[in-house]
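Please read the following points with the structure open beside you.

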Amino acid sequence: MTSGMTRGLTIWLTGLPSAGKSTIAGTLSAIIEAKGQRVIVLDGDEVRERLNKGLGFSKQDRDENVRRIAYVARLLTEAGAVAIVAAISPYRAARDAARAEIGRFAEIHVHCPLDECIKRDVKGLYKKALAGTIEHFTGVSDPYEPPQRPEVVIETHRETPLQSAGRVLLFLQENDYLPADEPAEETEEAFVAERLAPIPRGSEA
């Protein structure tokens, strides 16, 4: 594995529920960590459970959820880590505020058509939302505002997680967010393969 370090960075993955944000975050994390960079994933579901448990799903609470995530991501970025945020973060203004606070920030639109997200939904949340038993569900009864000028748009219904993560990584390297690739060592390839093995595709909420 390479050992070159770089300045901190936040990679913010936004998209509909079940678009593939957590899967991409895990894949990208494994690849970047294998290159010797410290990576922390802030997954939307985990953050809501542990840090933001008291928040609901009104617009005010959603914006507060993003504000708290952005604060943690900024601290990690300032400490030199790569923070990968995987959160629906449906409102454009809240994401723009996160960008302004953090500074070194790359917004990635994890795009997937709604009908495909519904097919992937292993938790059955879309089905409940469409039936009216879940209120304020993004993409059904609450809006999702896609980024207008994201750094990268990935299409998880057309790409494998590795292809999507690879395109994000290429952008980051070409724009000096991360160091360019060196020839991969066998240990690095094995490390990535080991990290990716347990990542369940399509399980992200």
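**Notes on the structure**

1. In helix H1, the residues Lys21, Thr23, Ile24, Ala25, Gly26, Thr27, Leu28, Ser29, Ala30, Ile31, Ile32 and Ala34 are buried, where buried means under 20% relative accessible area, exposed means over 50%, and partly exposed covers what lies in between (1.4 Å probe, protein chains only). Because 12 of the 14 residues of H1 are buried, this helix is largely enclosed by the rest of the structure. Helices (H or I, at least four residues) and strands (E, at least two) are DSSP runs, numbered from the N terminus.

2. The model is a predicted one, in which local features need pLDDT of at least 70 and side-chain atom pairs count only at pLDDT 80 or more, while totals for chains, interfaces and linings use all residues. Residues are numbered from 1 along each chain as its sequence is written, and side-chain values use heavy atoms, with hydrogens and water left out.

3. The length of H1 (residues 21–34) can be checked against expectation: at 1.5 Å a residue its 14 residues should span 20 Å, and its end C-alpha atoms are 20 Å apart, which agrees; the expected span is 1.5 Å times one less than the number of residues. Glycine 36, whose phi is positive, near 95°, follows H1.

4. In what order do the five strands of the open sheet stand? The order is S2-S3-S1-S4-S5, and the pairing is parallel; two strands are said to pair if DSSP finds at least two bridges between them. Strand S2 (39–43) and S5 stand at the edges with a single partner strand each, so one side of each is left without a neighbour in the sheet. On average, neighbouring strands of this sheet are turned by 20° against each other, direction ignored.

5. Threonine 77 is found in helix H3 and, at 8% relative accessibility, counts as buried. If residues up to four places away in sequence are not counted, threonine 77 touches Gly8, Leu9, Thr10, Ala83, Ile102 and Arg104, a contact being heavy atoms within 4.5 Å.

6. Is strand S4 largely enclosed or left open? Six of the seven residues of S4 (residues 105–111) are buried, so the strand is largely enclosed by the rest of the structure. S4 pairs with strand S1 (residues 9–14) in the parallel sense over five bridges, and tryptophan 12 has glutamate 107 as its bridge partner in S4. Four bridges join S4 to strand S5 (residues 152–155), again in parallel, with valine 110 standing opposite isoleucine 154 in S5.

7. The count comes to 14 salt bridges, each being a side-chain nitrogen of Lys or Arg within 4 Å of a carboxyl oxygen of Asp or Glu. In one of them, the side chains of glutamate 107 and arginine 95 meet at 2.7 Å, N to O. Glutamate 107 lies in S4 and arginine 95 in helix H4 (residues 92–102), so the pair ties together parts that are 12 residues apart in sequence. Both glutamate 107 and arginine 95 are buried, and a network of salt bridges links Arg95, Arg99, Glu107 and Glu151.

8. Another salt bridge joins the side chains of glutamate 116 and arginine 120 (3.5 Å, N to O), which both lie in helix H5 (residues 114–120), four residues apart, about one turn of the helix. Glutamate 116 counts as partly exposed at 25% relative accessibility, whereas arginine 120 is buried, with a relative accessible area of 16%.

9. On confidence, the mean pLDDT of the protein chain is 88, and 85% of its residues reach 70 or more; pLDDT is the predictor's confidence in each residue, from 0 to 100. Over residues 198–205 pLDDT stays under 50, and the model has 28 contacts beyond four places in sequence for this stretch. Where pLDDT is low, the predicted coordinates should not be read in detail.

Terms used:
Axes fitted to C-alpha atoms, helices over the stretch in contact; angles between N-to-C directions.
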